Amino acid sequence: MDINKISSPVTADMGTTKSKASNTPQPEVAELKPRQMPTPNAVSDDWQLIEKTQPQLAQVSDFDADKVAELRQALKEGSFSLDIAKIAEAMKQNHG
């Protein structure tokens with residue numbers, strides 16, 4: 001493990017001697033400036049699109065109630081079946 005000396009205005013012998021006064025100039029400490037906040041025009045295109053379509057998205061139902069009723073009925077009747085090949089193909093198309 002390497003330990004590298006960090007440039008600092010505080011010396012290692014600070015506080016260990018009482019009478020030593022150093023006339024060597026100390027390095028200046030950099031000032032911290034407040035960070036600039038992004039302007040409204042700096043918002044990404046994606047965010048602007050989401051903001052514009054938000055009212056339309058609020059109108060869309062989270063699920064298809066008719067489809068859910070159809071699936072429930074098929075489960076009750078025992079006529080629900082899965083096409084594994086079709087599911088696998090859809091997964092491949094959507095997820096690579």
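I looked up helix H3 in this predicted model and asked how many of its 12 residues are buried. The number is 0, so I noted that H3 lies largely in the open. For this entry I took buried to mean under 20% relative accessible area.

I then checked the length of H3. The helix covers residues 84-95 and reaches 16 Å from its first C-alpha to its last. That is close to the 16 Å expected at 1.5 Å a residue. Just after H3 I found Gly96, with a positive phi of about 80°.

I looked at both ends of H2. At its start, a side-chain oxygen of Asp64 comes to within 3.2 Å of the backbone nitrogen of Asp66. After H2 comes Gly78, and its phi is positive, near 80°.

I wrote down the general rule for reading such helices: an α-helix has 3.6 residues a turn, so residues three or four places apart point the same way.

Last, I turned to the whole protein chain. I counted 3 helices and 0 strands, and along the sequence the pattern reads α-α-α. How much of the chain counts as buried? Of its 96 residues, 1% do. I put the accessible surface of the protein chain at about 10,400 Å². Carbon and sulfur atoms account for 56% of that surface.

Terms used
Residues numbered from 1 in each chain as written. Predicted model: local features only at pLDDT ≥ 70, side-chain atom pairs only at ≥ 80, totals over all residues. Heavy atoms only, no water. Polar contact = N/O pair within 3.5 Å; in protein donor to acceptor, adjacent residues only side chain to side chain. Helix = DSSP H or I, 4+ residues; strand = E, 2+ residues; numbered from the N terminus. Expected span 1.5 Å × (residues − 1). Buried < 20%, exposed > 50% of the residue type's maximum accessible area, 1.4 Å probe, protein only. Areas by Shrake-Rupley, 256 points an atom, 1.4 Å probe, with all protein chains shown as cover.
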